[in-house]
Amino acid sequence: MPAVPPWWSDFAAHLADHRHPIYAADVVATTARLIIATTTGDPHTLLAHARNNAPELVGALTDFFRIHGHLDPPPGLADRRAAARRTRRIEATPAPLRPQVDGFADFLLLQRERAQQLGLHPNQLKTIEIRLDTIRDLALHLHPEGHTSWASVTTADLESFLALAPDRRASHLAGMRQFFAHAHHSKAILHNPTDPITAVQQRGFHGPTLPPARQRTLYERWAANQNIHPHEAFIGLTALLHAATITELRQLTDADTDSDRHSVRFPGRSVHLPLDSATWTALQRCQEHRRRLGTDNPHLLVTRLTRTHHGPAGAAHIRDSLAPVGLLPRILRSTRLLALADELDAKILTVSLGMSYAGVAHYRPYPKLTRPV
């Protein structure tokens, strides 16, 4: 190579530690040929060339570059991607109704910038996309009915659109109210057709939960049965007893555990959480499972795919681990959060679980809102 990249030695050492010697030698040779052919050692550029000319290198190169911090996204990448997504939504709007939607997108971005300048909580880019989704779908519904201007839209037209998805009535109405308020302020329409429309929203959490008998059955399965996979037992117990999220479970490493106190500090939480004996036993079984895989991945939950690098397991693995009992981790977590919100002060939960006050208040129990699974 005319110019050896600064990461080359680390790359060879990484392959020697994580790959079979024959495979590592092939990757080194193929990567060197790619660098010579493209005359570049920049990680982003080299990966782009590998996707087109040497796809067998993509996995090994991506793994190494991510572990060693060479794939940090360039400044403004998230904003450019969000702008492209907004453009696609605007262009999908029928042409006669598109100018007002384009102006609405600019208004939402200006509103976001002003909130940031004032130190207020700005709308997330995802929220802006959800609002544009609503108006795009509304325009696609109105245009075949002969509407070529937003000024001709009536309350009855909006009600017919809302009737298409009753479960999303409140979300769709919020976006329409914001859009038509902006259109009325900018003189695009003479009156706001959303004024007479209402959407009754249920307060608090009203998703699925587990009855006590089912919780006891699951606890006995995960605490007493040593034949099930250790990941299932640990994920189930931490979600059911300690309200762990999928992200917290994925990111948990050895550095977050305290063997002297039998406690863990889930990523995002500010305090160490003492574990009961059943959960601590499941944690130790996960550590033993990782040792049998022969990996130096520091995460507690290591799979056959992640044993060759230092990255966390995917969210799908956390969900699939509970497939034998036919449940999702969020149902176990919601069951526990409802009990904690009923028994403990909200301020204690915000500190111990790393949640916002509004998030904790959402789980305040209301009668007849939860349904057993």
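**Helices α10 and α11**

I began with helix α10 (residues 212-224) and helix α11 (residues 230-242), which pack at an angle of about 145° with their axes 9 Å apart. Axes here are lines fitted to C-alpha atoms, for helices over the stretch in contact, with angles from 0 to 180 degrees between N-to-C directions, and helices are DSSP runs (H or I, at least four residues) numbered from the N terminus. I noted that this is a predicted model, in which local features need pLDDT of at least 70 and side-chain atom pairs count only at pLDDT 80 or more, while totals for chains, interfaces and linings use all residues. Residues are numbered from 1 along each chain as its sequence is written, and side-chain values use heavy atoms, with hydrogens and water left out.

Next I looked up the contact (heavy atoms within 4.5 Å): Gln-215, Tyr-219, Arg-221 and Trp-222 in α10 meet residues of α11 including Glu-232, Gly-236 and Leu-240.

**Helix α11 itself**

I then asked how many of the 13 residues of α11 are buried. Twelve of them are, with buried meaning under 20% relative accessible area (1.4 Å probe, protein chains only), and among them are Pro-230, Phe-234 and His-242. Just after α11, I found Ala-243 with a positive phi of about 55°.

**Helices α2 and α3**

Lastly I turned to helix α2 (residues 21-38) and helix α3 (residues 43-53), whose axes come within 11 Å and cross at roughly 105°. That makes α2 roughly perpendicular to α3, a term for angles of 65 to 115 degrees. In this pair, Thr-31, Leu-34, Ile-35 and Thr-38 of α2 meet Leu-46, His-49, Ala-50 and Asn-53 of α3.

Note on methods
Helices (H or I, at least four residues) and strands (E, at least two) are DSSP runs, numbered from the N terminus. Buried means under 20% relative accessible area, exposed over 50%, partly exposed in between (1.4 Å probe, protein chains only). Angles under 35 degrees count as roughly parallel, over 145 as roughly antiparallel, 65 to 115 as roughly perpendicular and the rest as oblique.
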